[in-house]
Amino acid sequence: MQTSFLSQQFNAGSLAENSTACPANATICDGTSCVLPEDNFNHTLSVVLSTVLTIMLALVMFSMGCNVEIKNFLNHMKRPWGIFVGFLCQFGIMPLTAFLLSLAFNILPIQAVVVMIMGCCPGGTASNVIAYWVDGDMDLSISMTTCSTLLAMGMMPLCLFIYTKMWTDADAIVLPYNSIGLSLVALVIPVSVGIFVNHKWPSKAKIILKVGSIVGAVLIVLIAVVGGILYKGSWIITPKLWIIGTIFPAAGYTLGFFLARLAGLSWNRCRTVSLETGMQNTQLCSTIVQLSFTPDQLELMFTFPLIYSIFQLLFALIILGGYRLYRRRHVKTKTDVEKTPQKEDPKSSAKTNGGFVSDEMK
């Protein structure tokens with residue numbers, strides 16, 4: 001679908017009529033906006049960057065696995081209350097929020113569908129990196145990302161059937177199960193290797209973790225920049241989608257945090273659930289959109305996943321900055337916390353310490 005979308009050409013008469021508003025090689029042009037075909041350079045750049053980003057992502061997930069304890073991970077699976085709360089947020093709060101935002105802003109049906117697709121996607125791997133930096137429960141973070149990606153194979157069709165039937169036939173939306181499966185494999189294998197390394201060589205695992213967390217932060221920013229460069233021809237979009245793209249991730253973070261707190265989870269797990277709820281798999285959303293809609297429809301909706309990606313990253317960085325500022329004022333140094341773990345009050349520890357520090361103390 002993407003290839004035909006980029007290579008479609010208007011006839012000579014159409015090009016002549018729009019020559020004053022759009023370049024002669026524009027594939028879609030309505031006089032006010034146009035989408036340019038992908039040139040050979042962009043195609044080569046896309047292939048190279050996709051390969052590099054895939055390898056980097058696997059390495060980052062490997063490093064995140066180096067912070068997961070097998071015992072804690074299995075405990076989450078045996079007593080999956082935190083995972084269940086995350087499930088309610090991921091496939092309960094997010095689709096409902098997408099539906100309500102679409103109705104509130106009265107956007108076009110085809111635009112409402114892309115907002116719904118975004119709301120039904122599983123959590124993205126970027127949440128694991130940010131969860132590490134806010135001292136979240138990494139065992140829960142990895143568990144939630146894995147489970148949401150696996151459950152997405154059944155929950156995405158169900159949620160889309162429930163919420164999109166007023167706008168379109170749910171059968172018209174093509175779900176790339178192969179992409180979901182690849183995402184699951186790309187997540188599970190590196191994380192499993194990281195868990196094994198942490199079990200066998202914990203001191204080396206800590207070094208890998210610190211390097212990987214930095215690489216992960218760079219990777220998140222790089223993906224956003226690359227997306228902006230590759231799809232620069234389709235940036236003109238209705239202001240309503242910009243507003244929804246701003247509100248939606250903020251609502252996900254906020255509602256995820258409060259539902260987790262209402263369920264009685266500790267502060268570090270609340271931060272983890274919040275990030276897992278608000279940070280969606282935007283690459284999967286883009287793939288579904290490209291497979292499901294015509295070039296004319298793509299013009300109205302294609303950029304929304306990128307807009308969401310930008311603002312989910314922006315709000316995540318705000319959360320990270322706010323948490324680090326809070327920690328600096330309430331905890332002298334990380335070393336001081338690690339030196340006296342046994343003497344701290346459990347309630348105080350829950351506030352200032354996440355799964356990250358407690359894992360290092362073991």
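Buried means under 20% relative accessible area, exposed over 50%, and partly exposed in between, with a 1.4 Å probe and protein chains only. This is a predicted model, so local features need pLDDT of at least 70 and side-chain atom pairs count only at pLDDT 80 or more, while totals for chains, interfaces and linings use all residues. Residues are numbered from 1 along each chain as its sequence is written, and side-chain values use heavy atoms, with hydrogens and water left out. Helices (H or I, at least four residues) are DSSP runs, numbered from the N terminus.

**Salt bridges**

- The structure holds 3 salt bridges, each a side-chain nitrogen of Lys or Arg within 4 Å of a carboxyl oxygen of Asp or Glu.
- Arg324 pairs with Asp135, with the closest N and O atoms 4.0 Å apart. Arg324 lies in helix H15 (residues 304–330) and Asp135 in the loop between helix H7 (126–133) and H8, so this bridge ties together parts 189 residues apart in sequence.
- Arg324 is partly exposed, at 33% relative accessibility. Asp135 is buried, at 0% relative accessible area.
- Asp135 also forms a salt bridge with Arg327, where the closest N and O atoms are 2.1 Å apart. Asp135 is in the loop between H7 and H8 and Arg327 in helix H15, so the pair ties together parts 192 residues apart in sequence.
- Arg327 is buried, with a relative accessible area of 9%.
- Arg269 bridges to Asp137, with the closest N and O atoms 2.9 Å apart. Arg269 sits in helix H12 (residues 267–278) and Asp137 in the loop between H7 and H8, so parts 132 residues apart in sequence are tied together.
- Arg269 counts as partly exposed at 30% relative accessibility, whereas Asp137 is buried at 5% relative accessible area.

**Cavities**

- A cavity is a set of points on a 1 Å grid over the protein atoms alone where a 1.4 Å probe fits but cannot get out; lining residues have an atom within 4 Å of a point.
- The structure holds 2 cavities of 30 Å³ or more.
- H5 gives the most to the lining of the largest cavity, with 5 residues.
- That lining divides into 6 nonpolar, 3 polar and 1 charged residues. Ala, Val, Leu, Ile, Met, Phe, Trp, Tyr, Cys and Pro count as nonpolar, Asp, Glu, Lys and Arg as charged, and the others, Gly among them, as polar.

**Aromatic pairs**

- The structure holds 9 aromatic pairs. Rings of Phe, Tyr and Trp (its six-membered ring) pair if their centres lie within 6.5 Å; planes under 30 degrees apart are stacked, over 60 edge-to-face, and the rest tilted.
- Phe87 and Phe91 form a tilted pair, 5.7 Å centre to centre with 55 degrees between the planes. Both lie in helix H5, 4 residues apart, about one turn of the helix.
- Phe87 is partly exposed at 25% relative accessibility, and Phe91 is buried at 7%.
- Phe257, Phe258 and Trp267 are joined into a cluster by ring pairs.

**Helix H11**

- The 24 residues of H11 (residues 239–262) should span 34 Å at 1.5 Å a residue, and the end C-alpha atoms are 34 Å apart, which agrees. The expected span is 1.5 Å times one less than the number of residues.
- Buried residues of H11 include Leu241, Phe248 and Tyr253.
- Just after H11, Gly264 takes a positive phi of about 90 degrees.

Definitions and conventions:
Helices (H or I, at least four residues) and strands (E, at least two) are DSSP runs, numbered from the N terminus. On a 1 Å grid over the protein atoms alone, a cavity is a set of points where a 1.4 Å probe fits but cannot get out, and a pocket is an open set with protein on both sides within 12 Å along at least five of seven lines; lining residues have an atom within 4 Å of a point. Grid points are joined across faces, edges and corners, and a volume is the space filled by probe spheres set on the points.
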